[in-house]
Amino acid sequence: MGRGRVELKKIENKINRQVTFAKRRNGLLKKAYELSVLCEAEVALIIFSTRGKLYEFSSTSNTLKTLERYQKCSYGTLEVKQSGRDSNEEKFYREYLKLKAKYESLQRYQRHLLGDELGPLNIDELEHLELQLDTSLKHIKSTRTQLMLDQLSDLQTKEKLWIEANKGLERKLEEIYAENNLQQSWGGGEQSGAYSQQHPQTQGFFQPLECNSTLQIGYDPASSSQITGVTSGQNINGIVPGWML
C-alpha cells in the first residue's frame, strides 16, 4: 500500500519534528544537486534550522557569487524602474513648466492686445504690437468683405430662381387665359347659330306698321281744325278744361 497524504501542519512533537527536518533537508539538498548537474543550472540553497544552524548548497565555488548575481537581477531592476519613474516625473514636470510659461505669455500678450499693462513695453515692442493689430484688422475686414460677397452671390442666385419661377407661373396663367377665351369663343359661336335658326320663326309675330310716308313741316289749317274740334269735344265731355289748352 502507498503512503497516505500527509497533512501540512506544524509537528508538535520535537523529536518527530527534528527527524522530519533532517530527512527533508537532505532530500532538498539532493534535489538541488541533481538540478544543477542535470540541467547545468546555477543553484544556491540556504537553510536555517529552528536553532539557527546554517545549511547551504551552491553549484558554484562560492555562494556569495550567486547571491550577488541575484541581488543585481532583483534590486538592480527595481533601481532601474525607480530611476525610470523619477526620470519620467522629472520630464513631465519640465513639460509642465514649459506649458505654464507659455500660458502666462499668451495671457500677457492678450492683455497687451486689449491695451492693458503696456507700461513695461519698450518702443520696439509697442511698434510690433501696433503692426500686429493692423494686420489683424486688415484680416478681419477682408474676411467680412468676402462673407458679404458670398451672401450677395447667394441672394443673386435666389433672385434668378425666383424670376424663372415667376416666368413659369406667367406662362401657365397665359395658357389658362387662352384656354378660357377659346372656350368662350366656341360657346358664342354656338349661341349665334342657334339665334340665326330661331330668328326667321320670330319674324312672323311682328307686322309692319302702316304710316304716312310723307313728312309735313309747318302749319296745316286742316290739322289745326281737327285738333280744335277734338279739344272742343273734350271740353264738351268735360274731360279736359279749355283753359289748360
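Which residues make the nonpolar surface patch of about 460 Å²? I looked them up before anything else. The patch is made by Ile46, Phe48, Leu54, Leu64 and Leu67. Next I asked which elements give two or more residues to the nonpolar patch. They are β1, residues 44-48, and α2, residues 63-113. I must keep in mind that this is a predicted model.

Ile46 is found in strand β1. Its relative accessible area is 39%, so I noted Ile46 as partly exposed.

**Entry: the overall layout**

I stepped back to the whole chain. The secondary structure comes to four helices and two strands. Read from the N terminus on, the elements run α-β-β-α-α-α. The protein has 245 residues, and 7% of them count as buried.

**Entry: salt bridges**

How many salt bridges does a search of the whole structure find? It finds two.

One joins the side chains of Arg69 and Glu42, at 2.3 Å from N to O. Which parts does this pair tie together? Arg69 lies in helix α2, and Glu42 lies in the loop between α1 (14-39) and β1. The pair therefore ties together parts that are 27 residues apart in sequence. Glu42 is partly exposed, with a relative accessible area of 33%.

The side chains of Glu90 and Arg94 also meet in a salt bridge, at 3.2 Å from N to O. Both residues lie in helix α2. They are four residues apart, about one turn of the helix. Buried or exposed, or in between? Glu90 counts as partly exposed at 47% relative accessibility. Arg94 is partly exposed as well, with a relative accessible area of 42%.

**Entry: aromatic rings**

I searched the whole structure for aromatic pairs and noted three. I wrote down one of them, Tyr93 and Tyr96. Their ring centres are 6.3 Å apart and their planes stand at 35°. Why is the pair called tilted? Planes under 30 degrees apart count as stacked and those over 60 as edge-to-face, so the rest are tilted. The 35° of Tyr93 and Tyr96 therefore makes the pair tilted. The two residues are three apart in helix α2, which means that about one helical turn separates them. Tyr96 counts as partly exposed, at 47% relative accessibility.

Arg25 lies over the face of Tyr55. The distance from the ring centre is 4.2 Å.

**Entry: a backbone angle**

I stopped at Glu40. Its phi is near 50°, a positive value in a residue other than glycine. Why did I write that down? Most residues other than glycine have a negative phi. Where is Glu40 found? Glu40 sits in the loop between α1 and β1. Glu40 is exposed, with a relative accessible area of 76%.

**Entry: around Phe57**

Phe57 is found in strand β2, residues 54-58. Buried or exposed? I have Phe57 as buried, because its relative accessible area is 17% and buried means under 20%.

What is Phe57 in contact with, leaving aside its neighbours within four places in sequence? I listed Leu29, Ala32, Tyr33, Ser36, Val43, Ala44 and Leu45. Tyr33 got a second look. Phe57 and Tyr33 are 24 residues apart along the chain, and their C-alpha atoms are separated by 7.9 Å.

I ended with Lys30, which has its place in helix α1. Lys30 counts as exposed, at 54% relative accessibility. In sequence, Lys30 and Phe57 are 27 residues apart. In space, they are 9.5 Å apart from C-alpha to C-alpha.

Terms used. Residues are numbered from 1 along each chain as its sequence is written. This is a predicted model: local features need pLDDT of at least 70, side-chain atom pairs count only at pLDDT 80 or more; totals for chains, interfaces and linings use all residues. Side-chain values use heavy atoms; hydrogens and water are left out. Patches are made of residues with over 30% relative accessible area and no salt bridge: like charges are joined within 9 Å, nonpolar side chains (Val, Leu, Ile, Met, Phe, Trp, Tyr) within 5 Å. Accessible areas come from the Shrake-Rupley method with a 1.4 Å probe; for residues, only the protein chains shown count as cover. A salt bridge is a side-chain nitrogen of Lys or Arg within 4 Å of a carboxyl oxygen of Asp or Glu. Buried means under 20% relative accessible area, exposed over 50%, partly exposed in between (1.4 Å probe, protein chains only). Rings of Phe, Tyr and Trp (its six-membered ring) pair if their centres lie within 6.5 Å; planes under 30 degrees apart count as stacked, over 60 as edge-to-face and the rest as tilted. A charge sits over a ring if NZ of Lys or CZ of Arg is within 6 Å of the ring centre and within 35 degrees of the ring normal. Contact means heavy atoms within 4.5 Å.
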